[in-house]
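This briefing goes through a handful of local features of one chain, grouped by topic. Please keep the sequence and the coordinates at hand while reading.

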Amino acid sequence: MKKPKKIWTYAVKRYNQEKAMEYYEKNYDILVGQNTNFSEETYLGNCKDKRCRFCKETEPKATFRDKPHVFPIETGNKNLLSYYECDACNKFFGRYLEGEYQNLFSFVHNLYMVGGRKGKIPLVQSNDNCNRITVIDKNNNEKVHLISDITGKEHVDIKENTVTLSYPDITIIPIAIYKCLTKMALAIMPEEELSNFQNTLSWIREKKHKPIMQKKHMCRYIEFKNMPYVKCPMGFLFKRKSNSKDGPYMIFLYVYAKMAMMIEVPCDNVKYSYDIRKIYPLILGMPIEDIIIDLSCTDKCLIEGGKRDLSFGYLVDLTEETRNPNSENEYAQLIRKNVPALK
């Protein structure tokens with residue numbers, strides 16, 4: 001068994017907001033701000049001229065029967081779709097990129113109750129399947145976390161209304177997650193900018209992963225705890241001003257729930273990646289957890305798990321019959337039976 005790898009490192013937690021705003025006003029323009037707050041399916045692109053911007057194919061050689069999401073449905077994007085992603089590319093991105101993204105963030109999606117397809121929130125289990133975190137709907141559709149420590153082997157540590165949870169090691173391909181974020185950026189990019197990203201468009205569709213830039217592919221991951229919950233994901237593109245050389249040519253920021261991802265979008269004429277640690281985070285004016293994730297590895301990696309502190313309202317000791325359910329649905333039924341607050 002390979003030793004788990006650590007890809008997370010903490011950056012600075014406090015920033016001078018005035019200097020940060022001055023930096024972005026001087027060096028960047030907001031090129032795109034794309035929300036997903038639509039009550040019905042809404043498409044980007046032209047339904048009468050369907051051409052895949054990723055592989056360049058058109059009908060009839062390419063088909064456009066599926067409903068490709070501009071941002072992954074697993075992040076809460078239900079209704080923002082596009083006419084310029086063919087079925088083949090949609091299937092490829094779902095299988096090779098978005099699945100890796102979901103694997104990395106499944107624990108956080110569970111904690112922040114981010115529902116994917118059909119509103120399903122991922123179940124999280126410890127390495128030995130003894131610790132389980134699931135989300136159950138109460139009768140009034142309010143969602144609650146239910147934490148089960150099946151064996152009592154210190155997976156759950158409780159002190160002063162705080163529970164310390166162990167989250168599992170996971171196996172992912174880190175650079176596929178960087179590709180996934182890059183694909184989101186390209187999906188909202190104006191057509192006139194795509195000529196600067198032709199190599200990038202080809203790179204995200206390569207099944208055999210390789211780096212596109214020299215030096216590391218870094219993602220800035222931010223959690224903001226004192227900001228309203230972002231139910232509908234939002235994507236932003238920041239373009240460096242023509243009179244500036246400070247920072248990457250294009251920055252992508254993706255915000256949902258209580259988290260945000262920030263990356264450099266690889267540009268065709270850029271050989272070396274920019275050290276994203278040297279620029280300010282784009283979530284300012286509030287306490288944040290600012291973390292740098294190294295997504296450079298091109299092979300499968302066993303990523304080290306860890307621990308997370310959470311506060312809770314009340315604690316219920318479950319009975320023996322909830323210890324060995326045969327399925328998630330059975331588990332939910334047994335929980336409701338044994339926890340009065342959920343009946």
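Predicted model: local features only at pLDDT ≥ 70, side-chain atom pairs only at ≥ 80, totals over all residues.

**Backbone features in the loops**

At 62% relative accessibility, Lys-215 counts as exposed, because the threshold for that class is over 50%.

*Positive phi and a cis peptide*

- Lys-215 sits in the loop that runs between helix H4 (198-203) and strand E11 (218-224), and although Lys-215 is not a glycine, its phi is positive, at about 75°.
- Met-113 is another residue other than glycine with a positive phi, here near 55°, and its place is in the loop between helix H2 (87-111) and strand E5 (124-125).
- The peptide bond that joins Glu-59 and Pro-60 is cis, with an omega of about 5°, and Pro-60 is found in the loop between strand E3 (42-44) and strand E4 (80-82).

*Helix H2*

- Of the 25 residues of H2, 19 are buried, so that the helix is mostly covered.
- Where is the kink in H2 centred? The kink is centred on Phe-105 and amounts to about 60°, while the positive phi of Met-113, about 55°, comes just after the helix.
- Asn-90 is a residue of H2, and with a relative accessible area of 19% Asn-90 counts as buried, because the cut-off for that class is under 20%.
- Once the neighbours within four places in sequence are left aside, the residues in contact with Asn-90 are Asp-66, Pro-68 and Glu-85.

*Strand E13 and its partners*

- Why can strand E13 (residues 250-257) be described as largely enclosed by the rest of the structure? The description holds because 8 of the 8 residues of E13 are buried.
- E13 pairs with strand E12 (residues 230-240) in the antiparallel sense, over 7 bridges, and in this pairing Phe-238 stands opposite Ile-251 of E13.
- E13 also pairs with strand E14 (residues 259-264), again in the antiparallel sense and over 6 bridges, with Tyr-254 standing opposite Met-261 in E14.
- E13 and E14 together form a hairpin, in which 1 residue lies between the two strands.

- How many residues separate Tyr-272 from Ile-212 in sequence? The two are 60 residues apart in sequence, whereas the distance in space, taken from C-alpha to C-alpha, is 9.0 Å.
- Leaving aside its neighbours within four places in sequence, Tyr-272 is in contact with Met-213, Gln-214, Lys-215 and Glu-264.
- Among these contacts of Tyr-272 is Lys-215, the residue described above as having a positive phi of about 75°.

Conventions
Residues numbered from 1 in each chain as written. Heavy atoms only, no water. Helix = DSSP H or I, 4+ residues; strand = E, 2+ residues; numbered from the N terminus. Buried < 20%, exposed > 50% of the residue type's maximum accessible area, 1.4 Å probe, protein only. Contact = heavy atoms within 4.5 Å. Bend = angle between axes of the 7 residues up to and from the residue. Pairing = 2+ DSSP bridges.
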